[in-house]
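Trainee: Could you walk me through this one? I have it open and would like to ask as we go.

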Amino acid sequence: MQRGAIEQALKEIDAAFARLEQGTYGICQGCGRSIPVERLEILPYARCWVPCQLRAG
Ligand SMILES: [Zn+2]
């Protein structure tokens, strides 16, 4: 893993904790739907689920 990728991952984890505190953790930031648990198990700090991720590029 490269340094930039690690920093990016740490930022995502930070943001995930902030969403936990706000009570918005696990909610897609793209469409506001709940992110499937299976996805959160793979990527606990996911901001959105696969369909939105694909749309965002
Ligand atoms: Zn979405």
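This is a predicted model: local features need pLDDT of at least 70, side-chain atom pairs count only at pLDDT 80 or more; totals for chains, interfaces and linings use all residues.

Trainee: Which residues make up the largest nonpolar core?

Mentor: A nonpolar core is a set of buried Ala, Val, Leu, Ile, Met, Phe, Trp, Tyr and Cys residues joined through side-chain atoms within 4.5 Å. Buried means under 20% relative accessible area, exposed over 50%, and partly exposed in between (1.4 Å probe, protein chains only). Here the largest such core has six residues: Cys28, Ile35, Leu40, Ala46, Cys48 and Cys52.

Trainee: Which helix has the lowest mean pLDDT?

Mentor: Helices (H or I, at least four residues) and strands (E, at least two) are DSSP runs, numbered from the N terminus. The chain has three helices and zero strands. Helix 1 (residues 3-22) has the highest mean pLDDT, 95, while the lowest, 85, belongs to helix 3 (residues 50-56).

Trainee: Which residues are the protein donors of the zinc ion?

Mentor: Donors are N, O and S atoms within 2.8 Å of the metal (3.2 Å for Na, K and Ca); water is not among the atoms, so sites may look incomplete. The donor residues are spaced C-x2-C-x20-C in sequence. Lying 2.1 to 2.3 Å from the zinc ion, the SG atoms come from Cys28, Cys31 and Cys52.

Trainee: How many residues apart in sequence are the parts that Cys28 and Cys52 tie together?

Mentor: Both are buried: Cys28 has a relative accessible area of 3%, and Cys52 one of 7%. The zinc donors include the SG atoms of Cys28 and Cys52. Cys28 lies in the loop between helix 1 and helix 2 (37-42) and Cys52 in helix 3, so the pair ties together parts that are apart by 24 residues.

Trainee: Which residue forms a salt bridge with Glu12?

Mentor: A salt bridge is a side-chain nitrogen of Lys or Arg within 4 Å of a carboxyl oxygen of Asp or Glu. Glu12 is buried at 14% relative accessibility. With the closest N and O atoms 2.8 Å apart, its partner is Arg47.

Methods: Residues are numbered from 1 along each chain as its sequence is written. Side-chain values use heavy atoms; hydrogens and water are left out. pLDDT is the predictor's confidence in each residue, from 0 to 100.
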